[in-house]
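Thanks for asking me to look this one over. My notes follow as numbered points, with the cut-offs given as they come up.

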Amino acid sequence: MPVVINFVRTQWRAFTNTHPLLRGCITYGVLWPTSSLIQQTMEGKNLRTYDYMRALRFGIFGSLYVAPSLYGWVKLTSAMWPQMSLRIGLVKAAIEQLSYGPFACASFFAGMSLLEGKTMQEAVQEVEKKFFPTFKVGICIWPILQTINFSMVPERNRLVFTSICSLMWTTFLAFMKMMDMQEDEALKTNTEVTPHKNDEIIRGKPYLPM
C-alpha cells in the first residue's frame with residue numbers, strides 16, 4: 001500500500017508540475033465550494049440543508065474563471081519582475097492591489113450574480129453595493145500575503161499558495177455575497193406576516209396602519 005501511495009504521489013506531483021494551470025483549476029474547484037459550505041455551516045446549515053447548488057456555482061466560478069485569470073496574472077508579474085526579493089514582492093503586492101485586486105473583487109460579485117440567473121443590471125447593482133466594503137477588507141490582508149508569495153514562494157507553487165490563503169478569504173466573500181439573500185428572506189418573511197391594507201378591506205375589517 002505505501003508503494004502505491006508513493007507512486008500516485010509522484011505521478012501527481014509530476015503531472016501538476018507540468019500543468020500548473022490545471023493544478024490551479026482543480027485546487028480552486030475544491031477550495032471555493034468548500035468555502036461556500038463553511039459559510040453555510042456558519043449560517044447553521046448541515047448536510048441535509050446545505051444549498052449544494054450555491055456551492056456548485058462557487059466551484060464553477062473558482063475553477064473556470066478565478067484560477068485561469070489568477071494564473072495569467074502570476075505569469076505576467078513573474079515575466080515583468082522575475083527576481084525574488086522582499087522589495088520586488090512589495091512592488092508586486094502593491095501593483096496587484098491597484099489592478100488585479102479591484103478587478104477580481106468586482107468580477108466576483110458580477111459573475112456570481114449572473115450564475116444565479118440575475119440580470120446584468122442586478123449584477124451591476126450588487127457590485128456597486130458590495131465592492132468597496134469588501135475591497136477595504138481585502139486591501140488590509142492581501143498585500144501581506146502576496147508579499148510573502150512573490151518574495152519567498154517559487155513561481156510553480158504560487159497559485160497553490162494563493163489558493164490556500166484564499167480559503168478563508170473566499171469564506172468571507174461567500175458571507176458578503178449572501179448578505180442580500182438573507183435580507184431578502186427577512187423582507188419576504190415580514191411581507192408575508194404583515195397584513196396588507198387591501199387584505200383587511202376585503203375581509204371587511206378596518207385597516208389600522210402599524
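1. Ile 164 counts as exposed, because its relative accessibility is 57% (exposed means over 50% relative accessible area, buried under 20%, partly exposed in between, with a 1.4 Å probe and protein chains only). Ile 164 sits in helix α7. Its C-alpha lies 8.6 Å from that of Thr 27, although 137 residues separate Ile 164 and Thr 27 in sequence.

2. A word on the ground rules: this is a predicted model, where local features need pLDDT of at least 70, side-chain atom pairs count only at pLDDT 80 or more, and totals for chains, interfaces and linings use all residues. Residues are numbered from 1 along each chain as its sequence is written, and side-chain values use heavy atoms, with hydrogens and water left out.

3. On the overall fold, the protein has eight helices and zero strands (DSSP runs numbered from the N terminus: helices are H or I with at least four residues, strands E with at least two). Of its 210 residues, 35% count as buried. Among contacts between residues at least 6 apart in sequence, 73% join residues at least 24 apart (contact means heavy atoms within 4.5 Å).

4. The largest nonpolar core holds 24 residues; such a core is a set of buried Ala, Val, Leu, Ile, Met, Phe, Trp, Tyr and Cys residues joined through side-chain atoms within 4.5 Å. Those with the most contacts inside this core are Tyr 28, Trp 32, Phe 58, Phe 61, Leu 70, Phe 108 and Phe 109. Two or more residues each come from α2 (20–42), α3 (52–80), α5, α6 (120–152) and α7 (155–193), and α3 gives the most, with seven residues.

5. Phe 61 deserves a look of its own. Not counting residues up to four places away in sequence, Phe 61 touches Trp 32, Val 66, Ser 107, Phe 108, Gly 111, Met 112 and Leu 115.

6. Leu 56 is also in helix α3. With 44% relative accessibility, Leu 56 counts as partly exposed. Leu 56 and Gly 29 are 27 residues apart in sequence, with their C-alpha atoms 9.0 Å apart in space.

7. UniProt, in an unreviewed entry, places the feature "transmembrane region" at residues 55–74 and 159–176; positions are in the numbering used here, feature names are shortened, and annotations may be inferred rather than shown by experiment. In the model, residues 55–74 are 100% helix and 0% strand, and the end C-alpha atoms of that stretch are 26 Å apart.

8. Now the loop between α3 and α4, where Met 84 is found. Met 84 is partly exposed, with a relative accessible area of 40%. Leaving aside neighbours within four places in sequence, Met 84 is in contact with Phe 150, Ser 151, Met 152, Val 153, Pro 154 and Arg 158. Met 84 and Asn 149 are 65 residues apart in sequence and 9.6 Å apart in space, C-alpha to C-alpha.

9. How do α4 and α5 cross, and at what angle? The axes of α4 (residues 86–98) and α5 (residues 100–115) come within 3 Å and cross at roughly 40° (axes are lines fitted to C-alpha atoms, for helices over the stretch in contact, with angles from 0 to 180 degrees between N-to-C directions). The two helices are therefore oblique to each other (under 35 degrees is roughly parallel, over 145 roughly antiparallel, 65 to 115 roughly perpendicular, and the rest oblique). Ile 95, Glu 96, Gln 97 and Leu 98 of α4 make the contact with Tyr 100, Gly 101 and Pro 102 of α5.
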